[in-house]
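Here is a briefing on one protein chain.

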Amino acid sequence: MATTTGHDGYQNKEYTSSADSGEAVRAQEAITRHMTAEQHETAKKAARFGYGPLAQINTAESGLLPAFGGEFQPGTYKGVENRKFANPAPLGLSAFALTTFVLSLINMDTRSVAEPNVVVAIAFGYGGLVQLLAGMWEMAVGNTFGATALSSYGGFWIAFGIILTPGGFEIASSIEAAQGAGAFYDSFGFFLMGWFIFTTILLIATLRSTVAFFCLFFTLDMAFLLLGIGYLQRDATNSPNPPIIKAGGFFGLLAAFLAWYNALAGILDTSNSFFIVPVAHFPWSVTGSNRRKEQKAERTNV
């Protein structure tokens, strides 16, 4: 019998959910055993919106859990039975968020800070190394999307740090010495447009996930696009176009906060928080379709 695992927020332990409806009912009873009637009703309502302890209970024949940005899963997925690793997604999302947050403030010329040198250290240590490790741990728990995305963006930040390390690898200075500053801006624009294409590919994979997860990749995609255009279509002084760079920084800020939001959704449960962060499944997602079928069945039975 195929089984999946979820997380019991009230007792902070794993439960096992089976494709068999009887097993699912028993899993639900295990979670709600210590709830009051009011708490049980609240949990049932929350599950309809894709969050809360009952959201991870699945009674469908597939035995799959719904898409969840807190696990960095854009589609239905099999839970990891007796998983020895903790959920690595919030770590990777947090590493990405903080590094993106600082760089985006600089791109927006906040407090007239224009040089991104301080981001280099964050890019190597947190956004790069830590996010890359989180991606490798996603590989270990069987999450292909999470492994691809987190490892790739970890590599992005390491590459970003290498390019902009002051007096280190001399990539920028060597290009400028050979062909002028415009050549470096063009090269960096190509670099950013490549990441725009990659992010678009990942964005497509989130179209049937949750609103919070999709918005994260949409805003990040727009940030890469605008920053790439800003470096390729420069102003009259042959410098990166300030309004476009600031617009890219704005979308980068949105992406940073959405990454933190998804990370928070993966960290919080009812064992450590008074509230659960909603993630909102799209109506056309697998979870949304199943809920419509359940609601239709309920109306029919009434």
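Buried residues make up 47% of the 302 residues in the chain; buried means under 20% relative accessible area, exposed over 50%, and partly exposed in between (1.4 Å probe, protein chains only). This is a predicted model, in which local features need pLDDT of at least 70, side-chain atom pairs count only at pLDDT 80 or more, and totals for chains, interfaces and linings use all residues. Residues are numbered from 1 along each chain as its sequence is written, and side-chain values use heavy atoms, with hydrogens and water left out.

**Fold**

- The chain has 10 helices and two strands. Helices (H or I, at least four residues) and strands (E, at least two) are DSSP runs, numbered from the N terminus.
- Along the sequence the pattern reads β-β-α-α-α-α-α-α-α-α-α-α.
- Take the contacts between residues at least 6 apart in sequence: 63% of them join residues at least 24 apart. Contact means heavy atoms within 4.5 Å.

**Nonpolar cores**

- A nonpolar core is a set of buried Ala, Val, Leu, Ile, Met, Phe, Trp, Tyr and Cys residues joined through side-chain atoms within 4.5 Å.
- The largest such core has 47 residues, and F72, Y153, F160 and F217 touch the most other members.
- Two or more residues of this core come from each of α3 (89-107), α4 (117-140), α5 (144-164), α7 (181-204), α8 (211-232) and α9 (242-267).
- Helix α7 gives the most, with 10 residues.
- A second, separate core has five residues, including F68, A265, L268 and V279.

**F72 and E138**

- Beyond its neighbours within four places in sequence, F72 is in contact with A89, L93, E138, N143, F145, G146, A149, L150, F213 and F217.
- E138 lies in helix α4. E138 counts as buried because its relative accessibility is 1%.
- Residues up to four places away in sequence aside, E138 touches E71, F72, N87, P88, A89, N143, G146, A147 and L150.

**Largest pocket**

- The volume of the largest pocket is about 950 Å³. A volume is the space filled by probe spheres set on the grid points, which are joined across faces, edges and corners.
- On a 1 Å grid over the protein atoms alone, a pocket is an open set of points with protein on both sides within 12 Å along at least five of seven lines; a 1.4 Å probe is used, and lining residues have an atom within 4 Å of a point.
- The lining has 42 residues, of which N107, A114, P116, L164 and Y231 are the closest to the pocket centre.
- Helices α3, α5, α6 (171-179), α7, α8 and α9 each give two or more residues to the lining.
- By type, the lining divides into 25 nonpolar, 12 polar and five charged residues. Ala, Val, Leu, Ile, Met, Phe, Trp, Tyr, Cys and Pro count as nonpolar, Asp, Glu, Lys and Arg as charged, and the others, Gly among them, as polar.

**Salt bridge**

- R234 pairs with D186, and their closest N and O atoms are 2.8 Å apart.
- The pair links distant parts of the chain, 48 residues apart: R234 is in the loop between α8 and α9, D186 in helix α7.
- R234 is partly exposed, at 22% relative accessible area. D186 is partly exposed too, at 25%.

**T200**

- T200 is in helix α7 and counts as partly exposed because its relative accessibility is 24%.
- T200 and F218 lie 18 residues apart in sequence and 8.0 Å apart in space, C-alpha to C-alpha.

Note on methods. A salt bridge is a side-chain nitrogen of Lys or Arg within 4 Å of a carboxyl oxygen of Asp or Glu.
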